[in-house]
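Hello,

Here is the structure you asked about. Please open it alongside this email; my notes follow below.

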Amino acid sequence: MVNFGKKLMADQIPEWKGYYINYKLMKKKVKQYGQQLQHGEKNRRRVLKDFSKMLDDQIEKIVLFLLEQQGMMASRIEKLGKLRAILAEQPDISGIAELREAYREVGLDLIKLLKFVDLNATGIRKFLKKFDKRFGYRFTDYYVTSRSNHPYSQLQQVFKHVGVGAVVGALSRNLADLQERQGSYLSIYDQPSTALKDPIIDMINSSVDKLTRSTNFLRFLGQHALIVDEESPSIAGEEEMEDKKYHFISLMLNLVNTFLYMVNTYIIVPTADDYSVSLGAASTVCGVVIGSMAVAQIFSSVYFSAWSNKSYFKPLIFSSIVLFLGNVCYAMAYDMKSLTVLIIGRLLCGLGSARAVNRRYISDCVPARIRMQASAGFVSASALGMACGPALAGLLQWKFKIYMVTFNQSTLPGWVMAVAWLLYLIWLWISFKEPNRATEVNDTQQNPASVQRADIDQLENGLAQPLLRDSENKQNEAEDEEVDDSEEAVHDSRKPATSIGSAYKLLTPSVKVQLLIYFMLKYAMEILLSESSVITNYYFNWNTSAVAIFLAILGLTVLPVNVVVGTYISNMFEDRQLLLVSQIALLVGIIFSFKITSTYSIIQYVSSALVTFVSAEVLEGVNLSLLSSVMSSRLSRGTYNGGLLSTEAGTLARVVADCTITAAGYLGIGKLLNVTLLPSLVICGTSITCTFLTYNSLF
């Protein structure tokens with residue numbers, strides 16, 4: 001497997017050779033530092049200072065060359081603009097064609113420059129990781145933090161490619177005006193955004209997207225699902241193999257499973273308190289009833305994630321059967337007058353949570369060209385299920401008996417979901433197609449390039465392939481074997497985590513903070529949703545239908561909020577800015593939810609709940625988007641992946657929140673609201689503090 005040092009040499013543009021990061025020199029320096037530390041010639045502080053200076057010099061070289069090239073391109077565009085003005089007064093078809101070609105040449109040079117920046121940025125990231133691993137330091141956090149927001153930061157020039165946007169904009173405008181609108185007085189600003197673009201603009205935008213995460217709606221939702229899109233060019237053989245594994249109906253079955261599970265989770269929320277009372281328990285026991293599903297999901301997420309390494313069909317079959325049985329138990333508990341059976345039913349429902357399988361199927365079996373759409377579908381199915389659950393509960397207001405079985409607002413959610421899972425099981429058995437895993441393994445073994453593409457975050461399409469002398473190749477290879485012990489050179493370090501412990505070791509402070517934020521927002525949302533029926537009945541005398549409508553409206557805000565954030569707001573602000581603002585907004589929503597005066601109005605409750613829920617939804621999207629960016633690539637695959645870790649954090653938050661509701665119920669329903677909101681307030685304040693501490697490392 002080719003390591004990054006060789007890749008850098010192979011992908012360099014020959015005429016720009018002297019301006020790339022000197023990876024070879026830096027590796028030699030690292031080796032010298034190791035020897036000097038071992039013999040006591042330098043101390044740790046001196047090594048860090050020397051390495052920082054060397055890296056600063058390398059970055060300065062890259063940035064000055066980048067600015068020089070940008071200036072040359074701006075000058076060329078300015079000269080072409082003068083020619084364009086002359087042609088506007090004296091139109092000449094051949095002259096316009098030549099002018100367009102001249103603009104395209106500038107565009108091709110810009111693509112070369114973008115790939116130059118991308119290759120160097122990748123080298124910097126990888127070498128920082130190499131340095132930390134070699135010496136056991138956390139130098140990366142220090143270096144990025146100290147350089148990121150400095151007024152003279154050259155690091156941002158590399159990672160944010162400052163100034164490139166102006167060149168891209170100038171090229172886009174001029175090429176668009178020359179294409180298919182010759183002689184028109186209109187400009188691109190008068191045309192719809194979907195107007196035809198010159199192909200070179202698509203190439204430029206593609207290169208820009210490789211440098212920074214695109215923030216369009218589909219990609220935003222895809223990262224929300226923590227399904228990583230590698231965005232690397234595919235080999236023809238790999239595309240053919242992916243098409244063979246892909247089966248549209250099987251994908252739809254996974255999305256339907258996701259939808260039904262979310263409906264199953266939230267359909268009981270409006271009636272759980274009444275069901276608990278009918279079985280002789282306190283209304284606040286609804287926290288245990290609702291939370292039982294989350295308790296079981298903590299364990300089911302792990303074994304389903306492991307099971308998906310071998311099969312997708314069998315775990316989905318098992319999930320459907322268990323969910324069918326769980327809902328039957330939930331419904332039968334009423335006539336059996338057993339709270340134990342009720343809780344067992346919800347535990348069985350939690351044991352049937354196959355979200356890890358749903359996410360894994362999209363990641364492994366959906367072709368890269370449509371994976372982002374499938375990821376967005378996963379999130380949309382979850383959001384729609386969250387809204388449909390309470391809405392469906394509001395419709396199930398009948399009461400009748402068939403033989404000795406009672407059907408009412410408490411039991412109908414269980415019966416309806418049991419029928420739904422039975423029908424789904426039949427459809428699954430008939431239509432699901434298990435991917436050929438033998439083909440997948442053989443393809444991976446026969447095409448090591450595909451492994452490299454998926455595991456190494458770097459540019460694959462170099463514009464030049466300079467020939468190296470055999471002696472130089474051998475020398476580089478020897479040095480790589482001697483010095484290069486980074487993650488791209490050691491096969492084991494590219495393997496996915498094999499246990500929760502090994503996954504935890506891969507968590508940087510930034511990742512830990514993002515998981516804390518995810519725990520916090522899920523805790524706040526669960527408190528709001530799970531106790532809503534008890535709170536609204538106590539203060540406002542709302543019936544089941546009113547609670548169902550309220551929860552359905554909250555759930556329906558999910559997709560519009562994600563559309564606004566993913567399409568517009570995230571294009572105007574950095575993710576870390578949105579992360580901080582949404583946490584503060586969530587804190588405000590929690591504060592205004594407290595009952596401080598003797599009266600508690602519907603307006604206060606509904607408005608504070610809306611602020612809390614919407615802020616949490618914005619926060620969840622941005623949080624998972626950042627999490628997918630800062631976590632190790634080793635956590636993007638395998639059983640113990642980033643998706644599993646976030647699921648466990650969120651599920652644990654729900655369990656703690658539901659237990660808090662039941663425990664607080666012993667103090668009286670009058671104190672329930674404030675007692676359950678207090679932990680949310682503390683955890684939210686803690687997460688905001690941690691965000692400030694790691695703010696500069698969130699890129």
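Leu 392 sits in helix α17, which covers residues 368-395. Helices here are DSSP runs of H or I with at least four residues, strands are E runs of at least two, and both are numbered from the N terminus. This is a predicted model, in which local features need pLDDT of at least 70, side-chain atom pairs count only at pLDDT 80 or more, and totals for chains, interfaces and linings use all residues. Residues are numbered from 1 along each chain as its sequence is written, and side-chain values use heavy atoms, leaving out hydrogens and water.

Is Leu 392 buried, partly exposed or exposed? Leu 392 is partly exposed, because its relative accessible area is 27%. Buried means under 20%, exposed over 50%, and partly exposed in between (1.4 Å probe, protein chains only).

Which residues does Leu 392 touch, beyond neighbours within four places in sequence? Its contacts are Val 263, Ile 267 and Val 416. Contact means heavy atoms within 4.5 Å. Val 263 is 129 residues away from Leu 392 in sequence, yet their C-alpha atoms are 8.5 Å apart.

Now helix α27, residues 575-593. Its 19 residues should span 27 Å at 1.5 Å a residue, and the end C-alpha atoms are 27 Å apart, so the two agree. The expected span is 1.5 Å times one less than the number of residues. Buried residues in α27 include Leu 578, Leu 579, Ser 582 and Leu 586.

For the whole chain, there are 30 helices and two strands. Of its 699 residues, 54% are buried.

Best wishes
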